[in-house]
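Here are my notes for you to read with the sequence and the model side by side. Take the points one at a time and find each residue as you go.

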Amino acid sequence: MPYYIRILGTSDYKIHLDEIISVLKDNGLTAKFNLEKNENPNNWTVIDVSNLNDEYLMQIERNTTNEGVGKEEIEEFKEDILEYKPVSASKWLYKYLDKVKVIYAFQLLNASMKEENFSIIETIKSVIWSKVDGIFQADNEGFSNEDGYHILWQFSDNVTGEWNMAVKNFFGGWTNFKMDLGDEIQRKEFLAGKVPKNAKKL
């Protein structure tokens, strides 16, 4: 099954390919980009990304949400998220999705997970996020808030490891923390919309 991470942007800023290449260069990184036929660096919908050894790392697809694939994805997310917890996060997301204007979907391939390639992926994601704002969505994981902290639990039951999370607080904002995803007690408290007692405040 393909694995996707998406940026759900609230600004439909058209990112010129040169902007991505420039930031990669500033970070000492290089990648190869292939555009679809009849597309140009200033107005593209699909880009294939490889490293200098021609290892295929990922494909990025851009869709606006006013029609077609982008609109369908937003509708599917809205149907899906109300089944997940915390309830406060799913309700916030349901309303927030109405503000999303563009979706950048990153289909990550096996080579993208190699240590020498991971920084390329993360840099490209950061460039796009900085231009379109918004939130993240990751298959089989869930959604983030606008600061990139994870807010909705869609992980499998056997997930482990530390993760940066957030829950809605009394003041209407977010409280950020790092929790152990495999800790059953912390997991239960998070699903109830609470900061787990043993979590690390951030």
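**Notes on the predicted model**

1. **A starting residue.** Asn63 lies in strand β4, which covers residues 56-64; helices (H or I, at least four residues) and strands (E, at least two) are DSSP runs, numbered from the N terminus. With a relative accessible area of 18%, Asn63 is buried. Here buried means under 20% relative accessible area, exposed over 50%, and partly exposed in between (1.4 Å probe, protein chains only). The side chain of Asn63 makes a polar contact of 3.1 Å with that of Glu61. A polar contact is a pair of N or O atoms within 3.5 Å; within protein, one must be able to donate a hydrogen and the other to accept it, and residues adjacent in sequence count only if both atoms are side-chain atoms. Leaving aside residues up to four places away in sequence, Asn63 touches Val69, Gly70, Val102 and Ile103, where contact means heavy atoms within 4.5 Å.

2. **How to read the numbers.** This is a predicted model, in which local features need pLDDT of at least 70 and side-chain atom pairs count only at pLDDT 80 or more, while totals for chains, interfaces and linings use all residues. Residues are numbered from 1 along each chain as its sequence is written, and side-chain values use heavy atoms, with hydrogens and water left out.

3. **The whole protein.** Five helices and 10 strands make up the list of elements in the protein. Its radius of gyration is 18 Å, close to the 17 Å that the globule rule gives for 202 residues, so the protein is as compact as a globular protein of that length. That radius is taken over C-alpha atoms, and the globule rule is 2.2 Å times the number of residues to the power 0.38. The C-alpha trace spans about 50 × 35 × 30 Å along the principal axes. Of the 202 residues, 44% count as buried.

4. **The sheet.** Which order do the strands of the open sheet of seven take? The order is β2-β3-β4-β5-β1-β6-β7, with antiparallel pairing. β2 and β7 (142-143) stand at the edges with a single partner strand each, so one side of each has no neighbour in the sheet. Two strands pair if DSSP finds at least two bridges between them.

5. **Strand β5 and its partners.** Seven bridges join β1 (residues 3-9) to β5 (residues 102-108), and the two run antiparallel. Ile7 stands opposite Tyr104, and Gly9 stands opposite Val102. Seven bridges also join β4 to β5, again antiparallel, with Thr64 having Val102 as its bridge partner. Seven of the seven residues of β5 are buried, so this strand is largely enclosed by the rest of the structure. Val102, Tyr104, Phe106 and Leu108 point one way from β5, whereas Ile103, Ala105 and Gln107 point the other way.

6. **Helix α5.** In α5 (residues 184-191), the buried residues are Gln186, Arg187, Glu189 and Phe190. Looking down the axis of α5, these buried residues fall within an arc of 165°, so they line one face of the helix; the arc is that of the directions from the helix axis to the C-beta atoms. They pack against β8 (162-168) and β9 (174-180). Glu184, Ile185 and Lys188 are exposed on the other side of α5. Asp183 caps the N-terminal end, with a side-chain oxygen 2.9 Å from the backbone nitrogen of Ile185.

7. **Backbone details to look up.** Most residues other than glycine have a negative phi, and most peptide bonds are trans. Asn38, in the loop between β2 (32-35) and β3 (46-50), has a positive phi of about 70° although it is not a glycine. Asn38 is exposed, with a relative accessible area of 82%. Asp133, in the loop between α4 and β6 (135-138), has a positive phi near 55° and is partly exposed at 43%. The peptide bond from Lys85 to Pro86 is cis, with omega near 0°; look for Pro86 in the loop between α2 (68-81) and α3 (87-96).
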